[in-house]
Amino acid sequence: MTATTEAPLSTKRRKSTSARQNLFGWMFVGPFAIIFLAMLVLPIGYALYLSLFQKSLIGGTRFVLFGNYVKAFSDPSFLDGVWFVITFSLVLIPLQMAVSLAIALILDIIVTRFARFSRLMIFMPYAIPTVIGALMWGFLYSDTFGPLAELFGTFGAQAPDFLSRNLIFYGLLNIVTWQWAGYYMIILYAALQGIDPTLYEAARIDGASQWQIVWRIKIPMVAPALLLILVFALIGTLQFFNEPKILQDLAAGSIPNDFTPNMYAYQQAFSLANYNYGATISFALGAVVFICVYIFLFATRKRGSIFS
Amino acid sequence: MKTKPVLAAITTLALAGALAACSGGDGGGGTDGGGGGGDASNCTNEIKNPDAPVVTLWAWYPNSETVVDNFNEANDDVQVCWTNAGAGGDAYDKFQTAISAGSGAPDVMMVEADRIAVFQAQDALVDLSDLGYEDVKANFSEGAWKDVSVGDGVYGAPIDGGPMGMIYRNDIFAEYGITPPTTWEEFEATAQAVKDAGGPYMASFAANQPAAVTALMYQNGAQPFEYDPANEGEIGINLNSPEVKEVLDYWAGLVEEDLVGTEDQFTPEYIAGVIGGNYATYLSAAWAPGYLQGAGVGEGADEGVWSVAPMPQWDDGNPIAINWGGSAFSVSSQADNPELAAKVAFGVYADQASLDQGWQEQIIFPLNVTVLDSQEFLDYEVPFFDGQQANKDVYVPAANAYEGMVYTPLGQFYYSELTNQVAAIHDGSATGSEAADALQEAVVAYAEEQGFTVTQ
């Protein structure tokens, strides 16, 4: 008898304890959850809702279900923008990774005061806001204010105009690499510092050269960090917006309003008052990013890294 | 390994969220006053009579603060709360956002004539016909009223205009022994002569100034648009007419011959070029001297090197006056009290002290006929033009002969596309005629997508 009455009591106590624990759990999660819901989930839901309607100056707003998405994926402005950011990523990311990896490897080997100073200097561009960085490069590329004209002038050559339609790709490539290589370098450098030095010792005893250590130990060991950088860079580049938007003020002819998908979404929403189509482009771009990242992760799934 | 696709999904979701927050968030969340638009407690100026009702105003005239102070001191029954929400495009984007959101717009907004139809089509502006228009009708020319009207409605109080003239460097003209060309044919010949003598570019044909390019089209008798909101949903688009093609082909020719520059205007690079004498002329509006002076042009060694002549013409016997820019004060449909707002729109920058400061410092070219007709204004020897009576010589005749343009709700898109096409002309990927055809095609497609019935 006693046993039967005790059992429900203990479960009750256990229940109330777990309920209290649950409550505490929710309280801890609460602040984040509220902000997450209000700032992320709700706007996403609202944008999704908006993207299902079509708005025109004559005739107002009407429900079209996925009509906007059909339009987006056959809209040359959007598709050209997507193509641009994809080609840009294909050139930029390997370049950025090569630069940051090379610097990180060099800084990992040299241990002098100069190395610390260099590390700081190379990281510095990342500390400069992208807007200011882009403005600064706008001046550096300038024929009148920049050093390029003078530099090329000494050899009697015409300086390339990195803001012209043909060269803007390289102009932007340089700005983004300059801005981000330092940041990626720090991530890789930290990963390199985390490698157990006994590995090098063992390798040296086995007769490995410095190059062999770099290729066979260091790079494979930082492969997960490289992968992380790659995903960051891919997502960031597909969303390309700040730098071209800033440089547009200096080179409106080279950077049209549909230069990248994000700029196109901005134009639709804020200049042409078409929030519905702007939201559609945002979601369509989100889909493209998802597909690109997924393809990439799928391709590298087995060995965890493309380098090992 | 399994965590990676999950991680990817999360990052992608976060990304979509960041994007969606850009596009959707602002559409729904403008209720907090949208950067001080509808919020009367956030004025840049000081309210002189705290008991009077307040009307909010967005404007970017360089002397806005003085103008607003003048108004506030003279009026007991209403006070203006002024904010500078950015010049031109920035301010329009903010206003547009507030309009879409349904709140956050100021009561009175400074709007350039070419944007009025854009906002009017979204019912963002109040028709001022019955709100004081009759009282001030006589103060402005018919062309000035036409520019701020859409159909039968009046949607703005005209303030300043931009009659165009050919500003030129008299030192460069003297050096190469040339005189101001009066026709475009002469303009090209002069440009060639200057180039052959090793001189600078004759002018610049900028991609980022579609309003100026549109004015040049009008000068050849082109009528790119027909629009009257009374005929709901109908619009006429003739951007590939022979007149437009002739103008674009002409400029494409100058670009190809390397007779004109292709740099964007209003950039530091361009101003440096203007100061450095890289361009013999600057085809621009009456407000240009004020702008150039603000940027440091015409000072020191450059003092007195500028003169102005009437624009070159296509047909000397039948000159057409054109206009670039100029602004009005419009009343937003979000105004709590449209009567009061209209009083502000018609009253701000209408008093003598403000107008005098405006034209004497060349901040504006006023459209108020009390100024335009005054002898003092006509005879004014403009310091920037080395004492030339520029108003009498060039600007007042141009302003009087100006017949107005037709602006449409497609303005924003049209400008963006025209910029693309001028850029295509610059890099030689399109001739002027091809650019005109592409422009027509794109604007017609956009108009149809927006539900208009297009006549071509």
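Tutor: Two residues count as in contact if their C-beta atoms, placed from the backbone, lie within 7 Å. This is a predicted model: local features need pLDDT of at least 70, side-chain atom pairs count only at pLDDT 80 or more, and totals for chains, interfaces and linings use all residues. Residues are numbered from 1 along each chain as its sequence is written, while chains are lettered from A and ligands numbered from 1 in the order in which they are written.

Student: OK. Which residues is B:Glu186 in contact with, leaving aside neighbours within four places in sequence?

Tutor: They are B:Pro181 and B:Pro312.

Student: And which helix does B:Glu186 lie in?

Tutor: Helix H8 of chain B, residues 184-196. Helices (H or I, at least four residues) and strands (E, at least two) are DSSP runs, numbered from the N terminus.

Student: Is B:Glu186 partly exposed or buried?

Tutor: Partly exposed, because 16 other C-beta atoms lie within 10 Å. A residue is buried with 20 or more other C-beta atoms within 10 Å of its own, exposed with 12 or fewer, and partly exposed in between, with C-beta atoms placed from the backbone.

Student: How far is B:Glu186 from B:Trp314, C-alpha to C-alpha?

Tutor: 10.0 Å, though the two are 128 residues apart along the chain.

Student: New topic. How is chain B divided into domains?

Tutor: Domain 1 is 34-161 + 325-383, and domain 2 is 165-323 + 408-455. Those bounds come from an automatic or database domain assignment. The centres of the two domains, taken over C-alpha atoms, are 28 Å apart.

Student: How many residues of each domain of chain B are in contact?

Tutor: 18 residues of domain 1 of chain B are in contact with 16 of domain 2. On the domain 1 side, helix H4 (113-120) and strand E7 (160-161) of chain B are the elements that give two or more residues. H4(B) gives the most, with four residues.

Student: What classes do the residues on that domain 1 side of chain B divide into?

Tutor: Eight nonpolar, five polar and five charged. Here Ala, Val, Leu, Ile, Met, Phe, Trp, Tyr, Cys and Pro count as nonpolar, Asp, Glu, Lys and Arg as charged, and the others, Gly among them, as polar.

Student: What about chain A's domains?

Tutor: Domain 1 of chain A is 16-63 and domain 2 is 69-299. Their C-alpha centres lie 32 Å apart. Seven residues of domain 1 of chain A are in contact with seven of domain 2. Helix H1 (2-50) and strand E1 (53-56) of chain A each supply at least two residues of the domain 1 side.

Student: How many residues of helix H8 of chain A are buried?

Tutor: Zero of its nine residues, 197-205. A:Gly207 follows H8(A) and has a positive phi, near 90°.

Student: Back to chain B. Where does B:Gly277 lie?

Tutor: In the loop between helix H11 (268-275) and strand E11 (281-285) of chain B. B:Gly277 counts as partly exposed because it has 16 C-beta neighbours inside 10 Å.

Student: What does B:Gly277 touch, not counting residues up to four places away in sequence?

Tutor: B:Arg169, B:Ile172 and B:Pro200. The C-alpha atoms of B:Gly277 and B:Asp93 are separated by 35 Å.
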